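Thank you for making time this morning.

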Amino acid sequence: MTTVIKNGTIVTADLTYKADVLIEGGQIIEIGRDLKGDETLDATDCFVMPGGIDPHTHLEMPFMGTYSADDFESGTRAALAGGTTMVVDFALPAPGEGLLDALKKWDNKSTRAHCDYSFHMAITWWDKQVFDEMKAVTERGINTFKHFLAYKGALMVNDDELYSSFKRCAELGAIPLVHAENGDVVAELSAKLLADGNNGPEGHAYSRPPQVEGEATNRAIMIADMAGVPLYVVHTSCEESHEAIRRAKLAGKRVWGEPLIQHLTLDESEYFDKDWDHAARRVMSPPFRNKQHQDSLWNGLSSGTLSCVATDHCAFTTDQKRYGVGDFTKIPNGTGGLEDRLPMLWTYGVGTGRLTPNEFVAVTSTNIAKILNIYPKKGAVLVGADADLVVWDPKASKVISAKDQQSAIDYNVFEGKEVTGLPRYTLSRGVVAWADGKIQTKEGHGQFVPREAGTPVTKALSTWKELTAPRPIQRSGIPASGV
Ligand SMILES: NC(=O)NCCC(=O)O
Ligand SMILES: [Zn+2]
Ligand SMILES: [Zn+2]
């Protein structure tokens, strides 16, 4: 059975051209003019692009005394409805839990996924077992390890643990990820704010100023450099962090920054809303920033100093957010966005001229596929690539509303935003997964995507580090010891 996408314009990270796409067995088998197939999808007036890859989701995540409300079933439905065909979630070992035991739990949760997925492994504590199991994790097809510098007393690791884990990543050809906020300072600021009677959701934003992010980003970059490993900084939200990344890149360090669609399009005024629920629903870490920080993030995307747009989809219901009434530190941190990432980025990025369509593809799909070592299986429109595609109608529009969404929660942080640019079809490995405004796949269609360690960048960096490593100076005529 073959499927042909006809009459569309293919848009990739580097090319725009008119052609049909023929699909068989889940893969693209031909690209050209006047192709025929058993089934035809009409892409007239549409762009045919690689499906989005969201490198940062937390589906059914155990966090702050509860679980995030979207699981792999509803979360991946939301992804497909918004043109995203792959998500990368975080396997999170509890303190003292083995990495492989945690991985089993994420294997079980993900059996219900509608689209393809992969995992990052979090390093939440450190000893010989963790060191040893990191190798087995890479052999299971996970080449990225996440470190939290925030969430003191829960997920946070200290600098000695960070350095040890980064060195282990370097040995394994894996890439460390970092949530860069100074958890010690956040804990102190939070306690002071609460003591002063600042207990509303706005206290969350006050407790995490850009400096805590800038400091932690700089620290993680320097530690990664000393460990000889690249670094991926998740949810880069402010100029201080972006500046550290920019400077590191210009100094030849291999560092990537990931702004979220929420930080690009929503600002800190959300936390000053008089409605407690409105503000609490938007509590996430790092918090939303002001317009200057948003401009910095947009500029980073267009100049290439920031690489990928993610969601950090970690959705909690209003009832869950209310755990924090009277104490903002108990509001579960996280917001949704999986269904809205592509339409919002197209509307506020391509629609305003901040991004070209090719840059849009780069930052939503191709760049992360390359970083994660799954390009061109994913993130490409090429013969042999998986047919994870979105037929994108740049003129279709809607007003975002929780009542129409796939996500399981009862609100949407983008409620009321009008977006222009929506998927007409989303295809997951050649199967039409979203059409006519409805999900067409069955749960369990999604497959785990293994990712090999030893990516082109880790190999290049380890070659360079080996070449420039400190070496003893060979001397003749060493003087006799003075003792
Ligand atoms: N970002 C957030 O607030 N929640 C999800 C966990 C994390 O990424 O820090
Ligand atoms: Zn985080
Ligand atoms: Zn996250």
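Let me begin with what I mean by packing: two residues are in contact if their C-beta atoms, placed from the backbone, lie within 7 Å. Please also keep in mind that this is a predicted model.

With that in hand, take helix α3, where the buried residues pack against α2 (99–109), β12 (116–122), β13 and α4 (159–172). Which residues of α3 are the buried ones? They are V130, M134, V137 and T138, and because they cover an arc of only 90 degrees around the axis, they sit on the same side of α3. As background, an α-helix has 3.6 residues a turn, so residues three or four places apart point the same way. On the other side of α3 we find K128, D132 and E139, which are exposed. The helix geometry can be checked as well: α3 runs over residues 128–139, and its twelve residues at 1.5 Å a residue should span 16 Å, while the end C-alpha atoms are 18 Å apart, which agrees. After α3 comes G141, and its phi is positive, near 90 degrees.

One of the elements that α3 packs against, β13, brings me to a residue with an annotation. K146 lies in strand β13, which covers residues 144–148, and an unreviewed UniProt entry lists K146 under "modified residue: N6-carboxylysine". Is K146 buried or exposed in the model? It counts as buried, because 22 C-beta neighbours lie inside 10 Å, where the cut-off for buried is 20 or more. Leaving aside residues up to four places away in sequence, K146 touches F90, H120, M121, A122, I123 and L177.

For contrast in setting, consider T9, which is found in strand β2, residues 9–11. T9 has 18 other C-beta atoms within 10 Å and is therefore partly exposed. With residues up to four places away in sequence again left out, T9 touches T16, Y17, K18, F47 and V48. The C-alpha atoms of T9 and A387 are separated by 16 Å, although these residues are 378 residues apart along the chain.

In α5 the buried residues are G183, V186 and S190, and since they cover an arc of only 55 degrees around the axis, they are on the same side of α5. The face turned away from that buried side carries the exposed residues A191 and A195. What covers the buried residues of α5 includes α7 (210–227). Following α5 is G197, whose phi is positive, near 85 degrees.

Next, the ligand. Which residues are around ligand 1? They are H58, H179, M284, S285, D312, C314, N333 and G334, and this shell divides into two nonpolar, five polar and one charged.

The unreviewed UniProt entry places the feature "domain: Amidohydrolase-related" at residues 47–416. Over residues 47–416 the chain is 40% helix and 15% strand, with the end C-alpha atoms 25 Å apart.

How values were computed
Residues numbered from 1 in each chain as written. Chains lettered and ligands numbered in written order. Predicted model: local features only at pLDDT ≥ 70, side-chain atom pairs only at ≥ 80, totals over all residues. UniProt positions renumbered as here; feature names shortened; annotations may be inferred. Helix = DSSP H or I, 4+ residues; strand = E, 2+ residues; numbered from the N terminus. Buried ≥ 20, exposed ≤ 12 C-beta atoms within 10 Å, placed from the backbone. Expected span 1.5 Å × (residues − 1). Arc of directions from axis to C-beta. Near = placed C-beta within 6 Å. Nonpolar A, V, L, I, M, F, W, Y, C, P; charged D, E, K, R; others polar.
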